[in-house]
Amino acid sequence: MDNDEPLEPEIKDEPETEPAARNSDETFYCEAEASVAVEKEKPGGESSETDLEIEDTEKLFTTGQRELYLEACKLNISNNDLGLKGASTISEFLQRNTSSLLNLQLSGNNFKDESAELFCQAFSANYRIKTLDLSHNEFSDKGGEHLGQMLALNIGLQSLDLSWNQFHTRGAVALCNGLRANVTLQKLDLSMNGFGNEGATALGEVLRLNNSLVYIDVSSNDISNEGVIKISKGLEFNESLKVLKLFLNPVSMDGATLLLLSIKRNPKSKMEEIDISNVLVSEQFVKILDGVCAIHPQLDVTYKAVQGFSAKKELLLWTNPMKLIQSYADQHQITVIDFFKSLNPNGRMMMSVGDFRKAMIQQDKVPMNPYQVRELIKKLAEKTGMVNFSCWCLGGTLRIMKPGHIKNCGLCYGSIKTAKFSPDAFNVSLA
């Protein structure tokens, strides 16, 4: 890749060493330091680097180079049964705080509570790691206490995955105590644990006070309506959370209604997605949801089904949204992309999922219900949480405004057959 050529000289200049001479500790160091070649050179007397400096480093690159840099800053050693000895080696390495490692994947390594204590020591001092995956390990309540202490002290982590561990009430409360002091964590996955209603109570208090979390997953945590009441009270005051996943908890429609009403009572709520997809609701619930969405049009609630809903009504709800947009564009002699661009005040080709949902619900050119908007987002949204309408399907052709690596059409699920390049776009015929 042409954009990556400037990186090669620095990589080639690194002295070669014999792999056999490295111990396990040095191996971690070398893998993580692979990205040093793209860091800005720092003065000799500088002993630390701020978060702003790390961000500035990333801004030096083109899009392709930035992806390469971030990939080089990732270390995935999941599913290696590292245990306590491996945790000790990793902890010592992290406490040096000298690498440009940003993303550390440690899932499925048989880490127990003793390892959690070591990670607490490491991450209480290391502010460079932004993403940490400790899922599918064997942390219990004691480990939750150590990791809660880590969260209270850490000022770097932005994403933490603790799903599929063994946290129960005591561990849940300890983790939540740490979250109350934390100001940087944005995404937290605690699914497949055992928080219960007491843990949910502690989480509700976190939501009342915390203004940094935007994503929380507490699916399958044995949280019933009693716990949802506490979570709902926290949501009445929360001004940052956008995604709340409560799937596979023993919550009834009454509990689900409480969640909706808490959002309704909070004019500053930023909630965009609530997942209660195992809950069967009524048409009355849907009416309440419509009323909440009138106040918060960015909100989408995923539930199992509506009791007594006829197949005819469901068919009306799932009319292909792209066909509706295409029909409108044809009638008004505009392109589909013109319609999408009209939704964005700055005229750009991308919007956040929340802003796009809000714009689609509020616009009156092509009226759509939340189900159709959700389907549209599934087809246009990227993993980054952004909706990209720089490509669309028309008559078996996928038009791509910028060169990319699309293998199939997200709008009609057709596979690419041929591609033809023109100065302003690719025209790709679909099989």
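Which residues is R357 in contact with, leaving aside its neighbours within four places in sequence? I began my notebook with this question and then turned to the sheet, the helix pairs and the cores.

**Entry 1: basis.** I worked from a predicted model, in which local features need pLDDT of at least 70 and side-chain atom pairs count only at pLDDT 80 or more, while totals for chains, interfaces and linings use all residues. Residues are numbered from 1 along each chain as its sequence is written, and side-chain values use heavy atoms, with hydrogens and water left out.

**Entry 2: R357.** I located R357 in helix α16 (residues 353-362); helices are DSSP runs of H or I with at least four residues, strands are runs of E with at least two, and both are numbered from the N terminus. Its contacts (heavy atoms within 4.5 Å) are E272, E273, P297, Q298, L299, D300, V373 and I377, leaving aside neighbours within four places in sequence. I noted R357 as buried, with a relative accessible area of 5%; buried means under 20%, exposed over 50% and partly exposed in between, with a 1.4 Å probe and protein chains only.

**Entry 3: overall counts.** I recorded 17 helices and 15 strands in the protein. Of its 431 residues, 48% are buried. Among contacts with a separation of 6 or more, 77% are between residues 24 or more positions apart.

**Entry 4: the sheet.** I followed nine strands through an open sheet with parallel pairing, in the order β1-β2-β3-β4-β5-β6-β7-β8-β9; two strands pair if DSSP finds at least two bridges between them. At the edges I found β1 (74-76) and β9, each pairing on one side only. The twist from one strand to the next averages 5°. Within the sheet, I checked strand β5 (residues 187-189) and strand β6 (residues 215-217), which run parallel and are joined by three bridges. L188 has I216 of β6 as its bridge partner.

**Entry 5: A305.** On strand β9 (residues 300-306) I looked up A305, which counts as partly exposed at 26% relative accessibility. A305 touches V279, L280 and V281, not counting residues up to four places away in sequence. The C-alpha atoms of A305 and V279 are 7.4 Å apart, although 26 residues separate the two along the chain.

**Entry 6: helix pairs.** I found α6 and helix α7 (residues 141-153) packed at about 5°, with axes 8 Å apart; axes are lines fitted to C-alpha atoms, for helices over the stretch in contact, and angles run from 0 to 180 degrees between N-to-C directions. That makes α6 roughly parallel to α7, as angles under 35 degrees count as roughly parallel. The α6 side of the contact is D113, A116, E117, F119, C120 and F123, and the α7 side is K142, G143, H146, L147, Q149 and M150.

I then examined helix α8 (residues 169-181) and helix α9 (residues 196-209), whose axes come within 8 Å and cross at roughly 5°. These two helices are therefore roughly parallel as well.

**Entry 7: cores.** I looked up the largest nonpolar core, a set of 70 residues in which L104, I231, L244, I276 and Y303 touch the most other members; such a core joins buried Ala, Val, Leu, Ile, Met, Phe, Trp, Tyr and Cys residues through side-chain atoms within 4.5 Å. Its largest share, six residues, comes from helix α6 (residues 113-123). A second, separate core has 22 residues, including M351, V366, V373 and L376.

Note on methods: Angles under 35 degrees count as roughly parallel, over 145 as roughly antiparallel, 65 to 115 as roughly perpendicular and the rest as oblique.
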